[in-house]
Amino acid sequence: MAGAENLGKAPYYITTPIYYVNDKPHIGHVYTTLACDVLARFMRLDRREVFFLTGTDEHGQKVERSALAQGMEPQAFTDVMSGNFHDLSAAWQFSNDDFIRTTEARHVKAAQALWRKLQENGEIYLSSYAGWYAVRDEAFYAEDELAQGEDGRKYAPSGAPVDWVEEPSYFFRLSAWQDRLLDFYRTNPDFVGPEGRRNEVVSFVKSGLRDLSISRTTFKWGIPVPGDPDHVMYVWLDALTNYITAVGYPDENAESYRKFWPADLHMVGKDILRFHAVYWPAFLMAAGVEPPKRVFAHGWWTSEGQKISKSVGNVIDPYELIDTYGLDQVRYFLLREVPFGNDGDFSHRAMVSRMNNDLANDFGNLAQRVLSMVHKNCDGRIPEPGRLMASDESMLAAATAVLPKLRSELAVQAFHRALEAIWTVVGQANRYVDEMAPWALRKTDKARMETVLFVLAEVVRQLAILTQPFMPNAPAKLLDQMGQPQEARDVAALDQPLEPGRAIERPQGVFPRYVEEAKQDAS
Ligand code: MSP
C-alpha cells in the first residue's frame, strides 16, 4: 500500500501546488491546501516530524498580464496578491511550516542552479518554438490536441484559448526520458494516485513525448536563464522547483534537504497532474535528483451543479463559506462528502445536512449527552469503572481500532474512508448509549452506570483526539472540557485511558446546528 513503508516515525514532507497570484483565492485552492493540512496534522498527531509547504507561483505571462491590467508593476502586484493567500492560510488555520514565493531570492537561486545542472548534463539545447500556447494554462499544445471553437479560435482541452507563438527557445530533451519514465512508473506503482490517474499518465507517456520548450523570450516577468538573460525560464520549470527550494536546494547536504527530500506527497488537482507526474520527475532525474515518492490528483468542485466560473458568478468565497457554516464544519464537509480523487458538487443542502446530521446530531449529541451525564451524575468527575462486560470491551476495542484504519486510509489519501471509519464508531457509541440506558441505571445500579459512563467518556476522548486533524477547534474544546492537558492529545495519549476522579467542566455543545433563516422567521 502506498506510503505504508512510512508508518514508522519517518519524517513526512507534503506540498500543495503553489498558487497563481493572478486572482483571489477560491474554493479550489482551499480544497488542495485543506487536504494537505489534514495530512500534516495527522502525521504530527502520529508523532512524525512534518514539513508542510505551500506558497505562490508568481512569474509568467498570466501573472504579468494581470498585473498590467491592474496598472501595477508585477512585483508590487504579486506582493499584494500573495498576501491574500498568506492571509487565507491563517483564516483556515492551515498549519503550513513554510510559505514560499517564487520571487524570493532563495528560489531564484535554486531554479537557476537546477537549470545549470540540466545544462551540464546535456539535457538542454537552444532552438526555436513555433506552436500553440495557452496563457491561462501556461502550457504548450500540439495542433492535434486542440479543438476549433464556434468563434473560429482554437482551444486547449482545458477550454483555454491558445495563441500561435514563434520565438527562440531552449528545449529540454523530454523525448529521451520516455522509457526511463515508464520504468520509473513500473518500479514505483504508487507514484500516482488515484489508480485511474496513473493509467492516464502512463498512456500519455507511452503515446510519445516531444522535447519541451523551457524558456520564453517574448516577455520579461520570469527568472532569467543563466548565461542568456534574453530568455526567462518557462514558468512551470520555475514553479515545480519550489518543492526543492524550500528544503535547501541546491545545497543537497542541507539538513532539511537530507531529512525531507524526496517529498512524501505532492498534492495537486487533476488539471496539473501531467506537470507533476511527467515533466517534474523527468527534470529531476535528468538533474540527478531523486523524484518525489507520490503525486495525488484530486477532483474538481462544482457549485450547485455548475462549473465554477467568474462569468457564471458562482465563485465560492472561502471566507464567506466559513462565516456561514463554521470552519470545522466546512473542513469536515469538503473531505467527507466526496470520495477524494472524484469531482464533487458543493450545495448548501448537502453542506447543511452533513453539518446537522454527522456533526451536530451524531458526534455532537454523543459528546454532549455523555459529558452531561458524567457531570451531573458523577459529581463532575470521571467515574471509576467496575468490571467490564463484553459489550464494554467491544465498544472500547472499536475505538482502539480506528487509529490503524486512519493510518492506512490516509496513506492513500482516502479522507472520506478515514472519516467513515471514525463515524462508524460514533454510530456504535450512540447505539451503546441507547442500549445501556445509563439514565435508567442511575436508579437501579449506580456502579454499572459509572462503568458505562466511563467507557463512553473514554470513547469520546479517543474520538476527539482522532478528529483533531480534520477539525482544529471543536475536538480541542471537547478535550478541554474533559480536562485533558495539551501534551495528552496525540497518539501516545490513546493508550493512556482517562483517569478516574479527573474533574470535567460543565459541557457545552461544540457542534452547532445550522438553522435555515426561513424557519427562524417562522418561529
Ligand atoms: N501555479 C500552478 C501550480 C504550480 S505547482 C508547481 C497552478 N495554480 S492554480 O492556482 O491555478 O491552481 C492551483 C490548484 O487549484 C490546482 O491544483 C487546481 O486543480 C486547483 N483548483 C482550481 N479550481 C478548482 C476547483 N474548482 N475545484 C478543485 N480544485 C481546483 O495551477
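Which helices and strands each supply at least two residues of the shell around the ligand? Four do: strand 2 (19–20), helix 1 (27–45), helix 7 (235–240) and strand 15 (265–269). This is a predicted model, in which local features need pLDDT of at least 70 and side-chain atom pairs count only at pLDDT 80 or more, while totals for chains, interfaces and linings use all residues. Residues are numbered from 1 along each chain as its sequence is written, and side-chain values use heavy atoms, with hydrogens and water left out.

**View A. The shell around the ligand.** The ligand is surrounded by 21 residues. Ile18, Asp57, Gly269, Asp271 and Trp301 are the closest. Helix 7 gives the most to this shell, with three residues. Helices (H or I, at least four residues) and strands (E, at least two) are DSSP runs, numbered from the N terminus. By type, the shell holds twelve nonpolar, seven polar and two charged residues. Here Ala, Val, Leu, Ile, Met, Phe, Trp, Tyr, Cys and Pro count as nonpolar, Asp, Glu, Lys and Arg as charged, and the others, Gly among them, as polar.

View B. Asp57 places a polar side-chain atom 2.7 Å from a nitrogen atom of the ligand. His29 has a side-chain N or O atom 3.2 Å from an oxygen atom of the ligand. For Trp300, a polar side-chain atom sits 3.3 Å from a ligand oxygen atom. The ligand taken alone exposes 680 Å², and the protein buries 94% of that. Accessible areas come from the Shrake-Rupley method with a 1.4 Å probe; for residues, only the protein chains shown count as cover.

**View C. Strands 3 and 4 side by side.** Strand 3 (residues 50–57) pairs with strand 4 (residues 98–101) in the parallel sense, over four bridges. Two strands pair if DSSP finds at least two bridges between them. Ile100 of strand 4 stands opposite Gly55. Which side chains of strand 4 point one way, and which the other? Asp98 and Ile100 point one way, Phe99 and Arg101 the other, and all are buried. Buried means under 20% relative accessible area, exposed over 50%, and partly exposed in between (1.4 Å probe, protein chains only). Phe51 lies in strand 3. Its relative accessible area is 11%, so Phe51 is buried.

View D. Strand 17 (residues 301–303) runs antiparallel to strand 18, over two bridges. Ser303 has Gln306 of strand 18 as its bridge partner.

**View E. Helix 18 and its residue Thr467.** Helix 18 is mostly covered, with 19 of its 22 residues buried. Thr467 belongs to helix 18. Thr467 counts as buried because its relative accessibility is 1%. A polar atom of the Thr467 side chain lies 3.2 Å from the backbone oxygen of Ala464.

**View F. Two cis peptide bonds.** Gly193 and Pro194 are joined by a cis peptide bond, with omega about -10 degrees. Pro194 is in the loop between strand 10 (192–193) and helix 6 (195–206). Trp261 to Pro262 is also a cis bond, with omega near 0 degrees. Pro262 sits in the loop between helix 9 (255–260) and strand 15.

View G. Arg47 is not a glycine, yet its phi is positive, about 65 degrees. Arg47 is placed in the loop between helix 1 and strand 3. Its relative accessibility is 49%, so Arg47 counts as partly exposed. Asp379, also not a glycine, has a positive phi near 55 degrees. The loop between helix 13 (348–377) and helix 14 (390–400) holds Asp379. Is Asp379 buried or exposed? Asp379 is exposed, because its relative accessible area is 70%.

Technical notes. Near = heavy atom within 4 Å. Polar contact = N/O pair within 3.5 Å; in protein donor to acceptor, adjacent residues only side chain to side chain.
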